[in-house]
Amino acid sequence: MSNAAADEATELHKNAEQDVIAVDSDDNPEGTVNRLDAHTGDGIRHRAFTCLVFNEEGQLLLAQRAPNKRLWDTYWDGTVASHPVEGQSQEEATEERLEDELGITPDQYSDLRVTDKFEYKRYYENAGLEWEVCAVLKVTLEDTSLDPDEDEIAGMLWVDYEHLNDHPKWYRQLRLCPWFEIAMRRDFE
């Protein structure tokens, strides 16, 4: 990426100056790398997470990524996804994203847990890629009060998780994020 292109990307995407944790295929840390570098060119494998948020009736909260996201903008995720920073656990990073993106605080749940981990690599149009070792976390909200940040979340939808898995064609207009589709498929295998 040229310096001009990198400067423009940084200006457009405030998180382009952040670092992510590079990892090997077993999720062992290999130092930090620039977040934009990790998501462009051939990519750099790095640590990530996705968190599936449920209500007490077992419905999953799908969240539509904001249109200003560089990758998978306006796609539906289940529910938030991001990257821990150096020295941060998956649970700590997830707690932070739940609060930043949806206004969900730890007093609304008591069961945040890691349930799975997988590696995947997917390209998005001509904009970049994800090459991640992705932890899956789950949480059940006892209090479903939400305060979404429109810079992060464009829409929200509670769905029956099993129904979504059993009838993907019925939901295809939602355009699901690849990491969520993988996590869901693995959940029902």
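1. Let's start with Asp 107, which sits in the loop between helix H3 (90–102) and strand S7 (113–124). This is a predicted model, and in it Asp 107 has a relative accessibility of 65%, so it counts as exposed. Asp 107 also belongs to a negative surface patch, whose other members are Glu 56, Glu 57, Glu 91, Glu 92, Glu 95, Glu 96, Glu 99, Glu 142 and Asp 143. If you are setting up electrostatics, that is the list to have at hand.

2. The loop between H3 and S7 also holds Gly 103. With a relative accessible area of 25%, Gly 103 is partly exposed. How far apart are Gly 103 and Asn 165 in space, C-alpha to C-alpha? The distance is 27 Å, for a separation of 62 residues in sequence.

3. On to the cysteines. How many disulfides does a search of the whole structure find? The count is zero. Take Cys 51: the closest cysteine sulfur belongs to Cys 134 and is 11 Å away, which is too far for a bond, given that a disulfide needs the two sulfur atoms within 2.5 Å. Cys 134 is in no disulfide either, and the nearest cysteine sulfur to Cys 134, that of Cys 177, is 11 Å away. Cys 51 is buried, with a relative accessible area of 0%, and Cys 134 is buried as well, at 1%.

4. Salt bridges come next, and the structure holds eleven of them. As a reminder, side chains of opposite charge can pair when their charged atoms come close. One of the bridges joins Asp 27 and Lys 117, with 2.9 Å between the closest N and O atoms. This pair links distant parts of the chain: Asp 27 is in the loop between strand S1 (19–23) and strand S2 (29–34), while Lys 117 is in strand S7, 90 residues apart. Is each partner buried or exposed, or in between? Asp 27 counts as buried, at 10% relative accessibility, whereas Lys 117 is partly exposed, with a relative accessible area of 41%.

5. Strand S7 takes part in another bridge. The side chains of Glu 119 and Arg 45 meet in a salt bridge of 3.0 Å, N to O. Glu 119 lies in strand S7 and Arg 45 in the loop between helix H2 (35–38) and strand S3 (46–54), so this pair ties together parts that are 74 residues apart in sequence. Glu 119 is partly exposed, with a relative accessible area of 37%.

6. Which side chain meets Lys 138 in a salt bridge? The partner is Asp 187, at 2.7 Å, N to O. Lys 138 is in strand S8 (residues 128–140) and Asp 187 is in helix H5 (residues 178–187), so the bridge ties together parts that are 49 residues apart in sequence. Here Lys 138 counts as buried, at 13% relative accessibility, and Asp 187 counts as partly exposed, at 33%. There is also a network: Lys 69, Arg 97, Asp 100, Glu 101 and Glu 152 are joined by salt bridges that share partners.

7. The peptide bond from Gly 78 to Thr 79 is cis, with omega near 10°. Thr 79 is located in the loop between strand S5 (76–77) and strand S6 (80–82). The other detail concerns Thr 74, a residue other than glycine whose phi has a positive value, near 65°. Thr 74 is placed in the loop between strand S4 (59–65) and S5, and it is partly exposed, with a relative accessible area of 22%.

Technical notes:
Residues are numbered from 1 along each chain as its sequence is written. This is a predicted model: local features need pLDDT of at least 70, side-chain atom pairs count only at pLDDT 80 or more; totals for chains, interfaces and linings use all residues. Side-chain values use heavy atoms; hydrogens and water are left out. Patches are made of residues with over 30% relative accessible area and no salt bridge: like charges are joined within 9 Å, nonpolar side chains (Val, Leu, Ile, Met, Phe, Trp, Tyr) within 5 Å. Accessible areas come from the Shrake-Rupley method with a 1.4 Å probe; for residues, only the protein chains shown count as cover. A salt bridge is a side-chain nitrogen of Lys or Arg within 4 Å of a carboxyl oxygen of Asp or Glu. Lys and Arg count as positive and Asp and Glu as negative; His and the chain ends are not counted. The place of a charge is taken as NZ of Lys, CZ of Arg, CG of Asp or CD of Glu. Helices (H or I, at least four residues) and strands (E, at least two) are DSSP runs, numbered from the N terminus. Buried means under 20% relative accessible area, exposed over 50%, partly exposed in between (1.4 Å probe, protein chains only).
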